[in-house]
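Me: Got a structure up on screen and would like to walk through it. Can we go bit by bit?

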Amino acid sequence: MWFPRTVSDKWMREMLETEQKNQIQSNNLTFKESKVLHLLSSGATCPQIADTLFISEATVRVHLHKIYQKINVKNKQKALQWCERNIDKLNKLAG
């Protein structure tokens, strides 16, 4: 397929802007939030995350709510998609 240069330039700028935005947002996660997100991405449920981190399920839900705001998603499914796209950053943050 061939795209006009103006279209491909616009597309690349948008991709770069999105990547930079994701990078900035992922840097705003606290250590605990990054651990919660890492556990979520590995398939853990809220009760399992709570048990692993020795916190209540309510606290896990609070962390998830804050994480969703910081990575600009609305639900768990979108957060998991974000994790797939940013797995390297997530692994660095979770330590």
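This is a predicted model: local features need pLDDT of at least 70, side-chain atom pairs count only at pLDDT 80 or more; totals for chains, interfaces and linings use all residues.

Me: Which residues of α2 are buried?
Reply: In α2, residues 31-41, they are E33, S34, V36, L37, L39 and L40. Buried means under 20% relative accessible area, exposed over 50%, partly exposed in between (1.4 Å probe, protein chains only). Helices are DSSP runs (H or I, at least four residues), numbered from the N terminus.

Me: And at what angle do α2 and α3 pack?
Reply: About 135°, with the axes of α2 and α3 (residues 46-53) 10 Å apart. The axes are lines fitted to C-alpha atoms over the stretch in contact, and angles run from 0 to 180 degrees between N-to-C directions.

Me: So what do you call that arrangement of α2 and α3?
Reply: Oblique. Under 35 degrees counts as roughly parallel, over 145 as roughly antiparallel, 65 to 115 as roughly perpendicular, and the rest as oblique.

Me: Switching topic, where is F54?
Reply: F54 is in the loop between α3 and α4 (57-70). Its phi is near 55°, a positive value in a residue other than glycine.

Me: Is F54 buried or exposed?
Reply: Exposed, because its relative accessibility is 77%.

Technical notes. Residues are numbered from 1 along each chain as its sequence is written. Side-chain values use heavy atoms; hydrogens and water are left out. Helices (H or I, at least four residues) and strands (E, at least two) are DSSP runs, numbered from the N terminus.
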